[in-house]
Amino acid sequence: MDWLRVHRGDAPLVIAFPHGGTELAGLDEQFVSPWHAQIDTDWWIADLYAFAADMGATLVATDISRSVIDMNRDPSGASLYPGQATTELCPTTTFDGEPLYRFDLPDEAEIMQRLNLYHRPYHEALTAELDRLRAAHGKVVLYDAHSIRSHVPRLFDGELPQFNIGTNGGATCAPELETIAANICAASGHSHVVNGRFKGGWTTRHYGRPDEGTHAIQMELAQRGYMAEPAAITHANWPSPLDPNPVIRPVLEQVIAATLDFAKGRP
């Protein structure tokens with residue numbers, strides 16, 4: 001599975017990157033264009049958090065595009081945000097509502113095949129790493145790393161806060177961890193929100209069992225904090241490069257360091 005990348009660390013922290021991939025699994029001709037299928041990628045997200053490997057974190061990333069199958073959706077296909085615009089387990093539109101497929105949409109058999117080939121192996125790897133570290137430490141944190149354009153009118157009004165912390169209303173981690181992350185973001189001078197539009201996807205909700213020693217938290221970043229966001233996205237200007245010195249990286253370094261302290265039981 002060369003599309004699945006696991007960097008093993010010994011610290012009680014797993015950082016997951018479910019949406020950073022751009023590979024279309026040989027389905028290029030089914031999509032309107034490869035570029036359309038890659039527009040909503042969490043661009044450069046693993047690169048942004050690469051520093052965490054030196055801190056002992058385990059990193060789990062897929063190179064498969066979310067347009068093929070979304071690793072952060074319920075495998076049953078149930079919506080995470082009933083009544084709100086969102087994309088499916090195997091998305092049929094972009095975030096802006098534009099069609100992804102030229103002709104036929106994936107049928108039930110095709111969706112099941114993608115589940116077996118990609119979604120299940122990704123989560124089996126994530127489960128194995130969490131189990132390994134929880135057995136060694138007694139407590140482990142899953143940090144689900146995401147990013148999105150600052151303006152996506154179909155999904156939310158206005159400009160998205162820079163830092164969007166999701167714990168499904170406090171259910172997926174100890175209150176202390178949510179507070180630690182929120183306080184660091186608040187002190188940064190950038191905008192932030194806790195359990196706003198993005199309360200945590202399936203990964204956070206599925207693995208977050210604080211009473212059993214697994215604490216899960218999602219961080220959704222507005223992409224303006226680490227790359228240029230053109231007013232209008234075109235094939236010529238998107239994606240823009242990763243800023244070599246992102247203004248939010250020091251904040252993320254603080255968040256990850258504090259998360260590790262929490263996981264290790266340090267005050």
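This is a predicted model: local features need pLDDT of at least 70, side-chain atom pairs count only at pLDDT 80 or more; totals for chains, interfaces and linings use all residues.
Residues are numbered from 1 along each chain as its sequence is written, and side-chain values use heavy atoms, with hydrogens and water left out.

Strands E5 and E7 pair in the antiparallel sense over four bridges, where pairing requires that DSSP finds at least two bridges between two strands, and strands are DSSP runs (E, at least two residues) numbered from the N terminus, as are helices (H or I, at least four). With E4, by contrast, E7 pairs in the parallel sense over nine bridges, and Ser 147 stands opposite Leu 221 in E7.

In a regular strand the side chains alternate between the two faces of the sheet. Along E7, Thr 214, Ala 216, Gln 218, Glu 220 and Ala 222 point one way, while His 215, Ile 217, Met 219 and Leu 221 point the other way, and all are buried, that is, under 20% relative accessible area with a 1.4 Å probe, protein chains only. Because nine of the nine residues of E7 are buried, this strand is largely enclosed by the rest of the structure.

E5 (residues 163–166) runs parallel to E6 and is joined to it by three bridges, with Val 193 in E6 as the bridge partner of Asn 164.

Notes
Buried means under 20% relative accessible area, exposed over 50%, partly exposed in between (1.4 Å probe, protein chains only).
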